[in-house]
Amino acid sequence: MDNLLSSIKIELNPHLFQKDPESSELGRKILSQSLLMIDEMGLECFTFGKLAKALNTTESSIYRYFESKHKLLLYFYNWYWSWVDIQLAFHTHNLSSPDSKLKRAIEVICKPDAEDKSISSLNFEQLVNIVISESSKAYLTKEVDTENKYGLFLTFKKVSRRLADIMMEINPNFSYANTLASTSIVGILHQQYFAMHMPSLSDIQSDKDELSNVFYQIILKNLKN
């Protein structure tokens with residue numbers, strides 16, 4: 001499986017960028033440096049001006065790749081969920097028991113693996129951090145309907161649909177698989193954020209194994225009621 005994963009190239013929606021950042025050294029530097037800066041200072045404080053200064057380049061050079069920091073965030077958002085979808089496919093396709101598939105899928109969503117560094121020049125730990133802390137800003141905007149028409153949320157939808165399909169294997173008569181799947185995925189991110197910053201809102205703290213078990217039990221109980 002590791003050999004297969006190392007050969008994967010993630011293809012992203014071309015509406016996310018003006019010029020593919022993976023096509024040049026500057027583009028790859030824009031990705032790695034902006035990921036670091038957003039992780040450190042947050043999306044609100046991050047600007048293309050600060051990024052240009054850190055890279056010793058011009059803002060206009062950065063705008064050749066991304067029209068806004070929102071589109072840059074969407075790029076990271078899509079890259080992350082594309083990778084999670086690949087992980088889900090690899091880790092569940094040989095499992096015959098739907099319950100085992102569900103358990104493994106929740107584990108992957110709680111803690112996706114990126115030990116193979118050849119898959120991308122991105123720092124995966126930083127990517128996970130900004131998905132946890134910033135990803136809701138990718139779709140809680142006035143442009144969401146237009147961006148949805150361009151397919152800029154398809155990667156997240158694929159992960160949610162894959163989880164919903166596993167739920168339907170467990171209970172084909174369950175009427176709310178899409179609702180439960182998307183709510184659970186967003187809830188996993190929120191619980192990780194709460195554990196780090198607002199711990200009174202979570203019973204999990206930083207144990208992702210415990211987090212995956214809690215959501216596995218929540219989903220299973222809903223499906224088998």
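Is S212 buried or exposed? At 5% relative accessibility, S212 counts as buried, where buried means under 20% relative accessible area, exposed means over 50%, and partly exposed is what lies in between (1.4 Å probe, protein chains only). The model is a predicted one, so local features need pLDDT of at least 70 and side-chain atom pairs count only at pLDDT 80 or more, while totals for chains, interfaces and linings use all residues. Residues are numbered from 1 along each chain as its sequence is written, and side-chain values use heavy atoms, with hydrogens and water left out.

S212 sits in helix α11, residues 208-224; helices here are DSSP runs (H or I, at least four residues; strands would be E, at least two), numbered from the N terminus. Its side chain reaches the backbone oxygen of D209 at 2.8 Å. Beyond residues up to four places away in sequence, S212 touches I106, E107 and C110, contact being heavy atoms within 4.5 Å.

Eight of its 11 residues are buried, so α7 is largely enclosed by the rest of the structure. The buried set consists of F124, Q126, L127, V128, I130, V131, I132 and E134, and these residues pack against α2, α5 (69-92), α10 and α11.

First partner: α2. On the α2 side the contact is made by S32, L35, L36, I38 and D39, and on the α7 side by Q126, L127, N129, I130 and E134. By type, these residues divide into five nonpolar, three polar and two charged; Ala, Val, Leu, Ile, Met, Phe, Trp, Tyr, Cys and Pro count as nonpolar, Asp, Glu, Lys and Arg as charged, and the others, Gly among them, as polar.

Within α2, I38 is buried, with a relative accessible area of 1%. Setting aside neighbours within four places in sequence, I38 is in contact with L43, F46, L72, F76, I130 and E134. I38 and L127 are 89 residues apart in sequence, yet 9.4 Å apart in space, C-alpha to C-alpha.

Next up is α10. The axes of α7 and helix α10 (residues 177-197) come within 8 Å and cross at roughly 95°, which makes α7 roughly perpendicular to α10. Here V131, I132 and S133 of α7 meet L189, Q192, Y193 and M196 of α10, a contact whose residues divide into five nonpolar, two polar and no charged.

Most residues other than glycine have a negative phi. N56, however, has a positive phi, near 55°. N56 is placed in the loop between α3 (48-55) and α4 (59-63), and at 75% relative accessibility it counts as exposed.

Methods
A polar contact is a pair of N or O atoms within 3.5 Å; within protein, one must be able to donate a hydrogen and the other to accept it, and residues adjacent in sequence count only if both atoms are side-chain atoms. Axes are lines fitted to C-alpha atoms, for helices over the stretch in contact, and angles run from 0 to 180 degrees between N-to-C directions. Angles under 35 degrees count as roughly parallel, over 145 as roughly antiparallel, 65 to 115 as roughly perpendicular and the rest as oblique.
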